[in-house]
Amino acid sequence: MAAEDRSGSDNWVDEHRWANTPTEVFSKWQEDRVEVLKTVPLFSGLSRRHLNQVARYVAEKEVEAGAVLANQGRTESEFMLVLSGTAKVERDGHDIAQLKAGDFFGEMSLIDGEPRSATVTAETACLLMVIDRDPFDKLLDSVPEMQKLITLALCKRLREADSALAALN
Ligand code: CMP
């Protein structure tokens with residue numbers, strides 16, 4: 001049986017109506033971080049203890065449309081998760097993916113220490129959840145479920161990239 005895909009979700013926003021505007025998500029976030037984290041596919045399977053741990057490590061960041069969130073080729077060290085809004089992923093000036101509420105990015109550089117593989121830009125105003133390198137490493141060490149889900153997301157991206165390459169041939 002295929003592993004459950006909680007690396008991102010097509011219907012996450014639909015299931016969580018409050019996630020429709022950054023303001024609604026922000027006020028919910030300020031009220032109860034753990035309640036918001038529970039609805040994010042990456043964290044939904046975590047125990048209360050691990051959710052509290054994540055909540056302690058993360059900071060929120062509000063950005064306007066057009067803000068560059070990751071720069072291809074630069075050494076940067078933040079993991080980000082989109083709580084509201086959309087962002088696009090570009091490589092060498094070509095769009096390769098769109099990220100929406102529930103999706104995350106920036107894990108690749110944090111895992112392998114290499115420069116950013118792509119540029120990520122906010123398409124709309126976005127509310128982001130940000131985790132720096134050290135807390136990210138600590139979370140991966142102490143929450144195996146997160147390691148698994150991030151690995152699943154990487155596999156999914158690799159398969160998509162392989163299919164896109166095959167379609168070119
Ligand atoms: P990182 O290389 O740290 O910074 C750019 C990020 O873009 C990368 O991590 C991934 O999180 C994300 N990314 C790269 N390629 C893709 C892709 N094909 N689909 C979705 N996200 C991607």
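How do the residues of the shell around the ligand divide into nonpolar, polar and charged? The structure is a predicted model.

**View 1. Composition of the shell around the ligand.** Seven residues of the shell are nonpolar, three are polar and three are charged. In total, 13 residues surround the ligand. The closest of them are Gly106, Glu107, Ser109, Arg116 and Ser117.

**View 2. Atoms that face the oxygen atoms of the ligand.** Gly106 places a backbone N or O atom 2.9 Å from an oxygen atom of the ligand. Glu107 has a polar side-chain atom at 2.7 Å from an oxygen atom of the ligand. For Arg116, a polar side-chain atom lies 2.8 Å from an oxygen atom of the ligand. The ligand taken alone exposes 460 Å², of which the protein buries 90%. Strand 5 (94-99) and helix 5 (107-112) are the elements that give two or more residues to the shell. Helix 5 supplies the largest share, three residues.

**View 3. The open sheet with strand order 2-7-4-5.** Four strands form this open sheet, and their pairing is antiparallel. Strand 2 (68-70) and strand 5 are the edge strands, each of which pairs on one side only. On average, neighbouring strands of this sheet are turned by 30° against each other, direction ignored. Strands of a sheet pair through backbone hydrogen bonds, in either a parallel or an antiparallel manner.

**View 4. Pairing of strand 2 with strand 7.** Two bridges connect strand 2 and strand 7 (residues 119-122), which pair in the antiparallel sense. Within this part of the model, Val68 stands opposite Thr121 of strand 7.

**View 5. The open sheet with strand order 1-8-3-6.** This open sheet likewise consists of four strands with antiparallel pairing. Its edge strands are strand 1 (59-63) and strand 6 (104-105), and each pairs on one side only.

**View 6. Strand 3, strand 8 and helix 6.** Strand 3 (residues 78-84) and strand 8 (residues 126-132) run antiparallel and are joined by six bridges. Val82 stands opposite Leu128 in strand 8. Helix 6 (residues 133-142) packs on the sheet and touches both strand 3 and strand 8. The direction of helix 6 makes about 75° with that of strand 8.

Definitions and conventions:
Residues are numbered from 1 along each chain as its sequence is written. This is a predicted model: local features need pLDDT of at least 70, side-chain atom pairs count only at pLDDT 80 or more; totals for chains, interfaces and linings use all residues. Side-chain values use heavy atoms; hydrogens and water are left out. A residue is near a molecule or strand if one of its heavy atoms lies within 4 Å of it. A polar contact is a pair of N or O atoms within 3.5 Å; within protein, one must be able to donate a hydrogen and the other to accept it, and residues adjacent in sequence count only if both atoms are side-chain atoms. Accessible areas come from the Shrake-Rupley method with a 1.4 Å probe; for residues, only the protein chains shown count as cover. Ala, Val, Leu, Ile, Met, Phe, Trp, Tyr, Cys and Pro count as nonpolar, Asp, Glu, Lys and Arg as charged, and the others, Gly among them, as polar. Two strands pair if DSSP finds at least two bridges between them. Axes are lines fitted to C-alpha atoms, for helices over the stretch in contact, and angles run from 0 to 180 degrees between N-to-C directions. Contact means heavy atoms within 4.5 Å.
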